[in-house]
Amino acid sequence: MNGSSSAMPLKKFFDACETIERHFISLFTLGVGLIILYEIVLRNLGLQGLKWIDELGRVMLITTTLIGSSVAVKHKGHMIMDVLYSVIGDRSAMVLRSLTYVISAAFYLYLAFYSIEWTMRLMRLGRTMQTINMPAYLTWILISFGIATMGLRYLVAAVKELIDPQGPGELKE
């Protein structure tokens with residue numbers, strides 16, 4: 001079995017994740033944007049707005065930020081301070097970038113572990129969100145997904161950096 005065939009399931013997983021992420025971010029942001037626009041119209045007409053829109057807006061902000069951050073890792077879209085990389089040698093810069101990616105991966109995978117544990121606890125407790133009356137664990141599934149994929153993508157970035165430090169600007173999982 002060669003290396004490329006063993007990497008295929010991981011590539012398929014990341015491709016599926018990216019498709020889901022793109023559609024989720026687009027559709028969820030559009031949907032919530034329309035609901036907020038509706039809320040603004042209601043309030044300007046002097047009518048009572050929807051009670052649950054503020055909570056849904058917070059949920060949308062958190063989930064789209066985390067999932068969008070995961071996508072940004074793949075496309076190397078996060079801001080970096082690269083002055084140090086230009087001062088030190090190429091090999092040292094590669095090692096430093098890889099180390100940074102590994103630390104980031106460890107941090108996000110650690111957070112993912114506890115966010116998944118928290119999601120399971122919310123599910124067992126049957127907690128709901130105050131105004132939406134929706135199970136709280138549904139939001140935490142999305143949060144856990146964003147954090148976990150971010151950690152996995154940082155891990156892939158570390159490996160890619162070691163294999164091909166001058167590679168393309170986008171991670172090809």
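This note goes through the fold, the salt bridges and one surface patch of a predicted model.

1. Ground rules. Local features need pLDDT of at least 70 and side-chain atom pairs count only at pLDDT 80 or more, while totals for chains, interfaces and linings use all residues. Residues are numbered from 1 along each chain as its sequence is written, and side-chain values use heavy atoms, with hydrogens and water left out.

2. Fold. The protein has 5 helices and 0 strands. Along the sequence the pattern reads α-α-α-α-α. Helices (H or I, at least four residues) and strands (E, at least two) are DSSP runs, numbered from the N terminus.

3. Packing and surface. Of the 173 residues, 32% are buried. Buried means under 20% relative accessible area, exposed over 50%, and partly exposed in between (1.4 Å probe, protein chains only). Take contacts between residues at least 6 apart in sequence: 72% of them join residues at least 24 apart. A contact means heavy atoms within 4.5 Å. The accessible surface is about 11,100 Å², and 68% of that belongs to carbon and sulfur atoms. Accessible areas come from the Shrake-Rupley method with a 1.4 Å probe; for residues, only the protein chains shown count as cover.

4. Salt bridges. Side chains of opposite charge can pair when their charged atoms come close. The rule here asks for a side-chain nitrogen of Lys or Arg within 4 Å of a carboxyl oxygen of Asp or Glu. By that rule there are 3 salt bridges.

5. R153 with E21. The closest N and O atoms of this salt bridge are 3.0 Å apart. The pair links distant parts of the chain: R153 sits in helix α5 (residues 136-163) and E21 in helix α1 (residues 3-44), 132 residues apart. Both residues are buried.

6. E161 with R97. This salt bridge spans 2.9 Å, N to O. E161 is in helix α5 and R97 in helix α4 (residues 90-125), so the pair ties together parts 64 residues apart in sequence. E161 is buried, at 2% relative accessible area. R97 is buried too, at 17%.

7. E39 with R43. Here the closest N and O atoms are 2.8 Å apart. Both residues belong to helix α1; they are 4 residues apart, which means about one helical turn. E39 is buried, with a relative accessible area of 4%.

8. Nonpolar patch. L30, L34, L37, V41, L45 and L47 make a nonpolar surface patch of about 600 Å². Patch residues have over 30% relative accessible area and no salt bridge; like charges are joined within 9 Å, nonpolar side chains (Val, Leu, Ile, Met, Phe, Trp, Tyr) within 5 Å. L45 lies in the loop between α1 and α2 (53-74). At 60% relative accessibility, L45 counts as exposed.
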